[in-house]
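Work through the exercises below with the sequence and the model open. Each task is followed by its solution.

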Amino acid sequence: MAMMLPLARQSLALACSRAARSSLGPRRCFASASAASNLADSIQQTIKRDASLLNPDPKSDSPSAALVNDHAPYMVATYARPPPVFVQGEGSWLWDIENRKYLDFTAGIAVTALGHCDPGFTKILADQAKTLVHASNLYYNPWTGALSKLLVEKTREAGCMHGAQAVFVCNSGSEANEAAIKFARKAGKVVDPSGAKHEFVSFNNAFHGRTMGSLSATHNPKYQKPFSPMVPGFVQGTYNDVARIPDVVTEKTCGVIVEPIQGEGGVQTATDEFLVALARRCREVGAVLIYDEIQCGMARTGTLWAHGHLPKEAHPDILTTAKALGNGFPVGAVLVSQDVSDKINVGDHGTTFGGNPLACRLAHYMVTRLSEPELQRDVLAKSRVFRGRFERLRARFPDLVGETRGRGLILGLQLTQDPAPVVQAARERGLLVITAGTNTLRFVPSLLVTEDEINQGLDILEDAIAATRA
């Protein structure tokens, strides 16, 4: 690795490597070396800064940059990524190509609920890959039905979606929401064959996906404008505004989709009053109520589904899931009531890859694990640790740190300014966090993250905030 550095920096690095084993320590070494150096001030400052950080972002002459630059011409530029290139994971930790170690509070955006490379998961993955990966939906396989049965049974056992009856298995969250939208449109045509009952309601700050249907339900110009016009018939409501529900959910409404907790929208939580009123209005006009629990479901709130605490009258007709369902392997699912299922006929919808035995066996394992009461209780205990530390941050940085939102291990910490400098400072100290909404830090770690790891990560976050305030 030293060969990748400019010669002057190699010499300093070697000197400080020796100093690290002496009484000087690396920071004093760089300070003394800089005082006697002929290097430009800017180079000295860069070296001094890198020496003070655990994981300084890879530079333009690093192996990470070389790999990225080699691949970039062949990749559509739809993402702006930070410099590290990750190659290995275990539990709550990631390692990059230069062997830097990071504590991961993102879990692949709430995906790796059991952590990276869970042993049981990887064993099943290898075993099923040697048995049968794909045969298509032209034929039965043992695992699509087994997963569907387990999802329905565990959902009912948890006191959630009491009308859950059948499942459609697909490949992703966007596909799950796309199917839910189509099922609601079909239900509307069955109820009113004239086609007048076709409108679809979603809410401000929502994020439901990037397919044209799910994107049309995501009323954000940033996502919609490049691909407009959207699918017609989509109406925007105001999240948590009970009074306006009758204005947007009308006799023309075939379906309503809502996130009990908006992840991308800033970890905003729907009030119980809002969801109860929304469900009541859907029943009045014969609209299908869809809960998008792609990010907030699967035990992330400390119950199997985020709506589990609501009365039965507020339970959905359709429930969508993905992300944690596959712990990193692509899979999504749509749970529907008997009433909705009865309105879907053979040929109304389909998928080539969805429901393949490999994805379904892995998802079956995930549902089994994430249904465990002890795991869910631990999620709530860990949430309290996070919240306690957030209060400490707010006390130390009252002009920057505001309220905490969310439940369980889907939490948002509101800041008064752009969190990008904090995210970078945390990453360069060995902690990965992401943002959401407007100036919100989002925390969606593995559900198996330990209390020690939480405290270690929030120590890093506190140092990172302090560094950006200096």
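**Exercise 1.** Against which elements do the buried residues of α14 pack?

Solution. This is a predicted model, in which local features need pLDDT of at least 70, side-chain atom pairs count only at pLDDT 80 or more, and totals for chains, interfaces and linings use all residues. Residues are numbered from 1 along each chain as its sequence is written, and side-chain values use heavy atoms, with hydrogens and water left out.

Step 1. Helices (H or I, at least four residues) and strands (E, at least two) are DSSP runs, numbered from the N terminus.

Step 2. Buried means under 20% relative accessible area, exposed over 50%, and partly exposed in between (1.4 Å probe, protein chains only). Of the 14 residues of α14, 12 are buried, including Leu358, Leu362 and Tyr365.

Step 3. With contact taken as heavy atoms within 4.5 Å, the buried residues of α14 pack against α6, α7 (142-157), β4 (164-170) and α15 (373-396).

**Exercise 2.** Locate Asp127 and state how far it is from Leu358.

Solution. Asp127 is found in helix α6 (residues 119-129) and is partly exposed, at 31% relative accessibility. Asp127 and Leu358 are 231 residues apart in sequence, and their C-alpha atoms are 9.3 Å apart in space.
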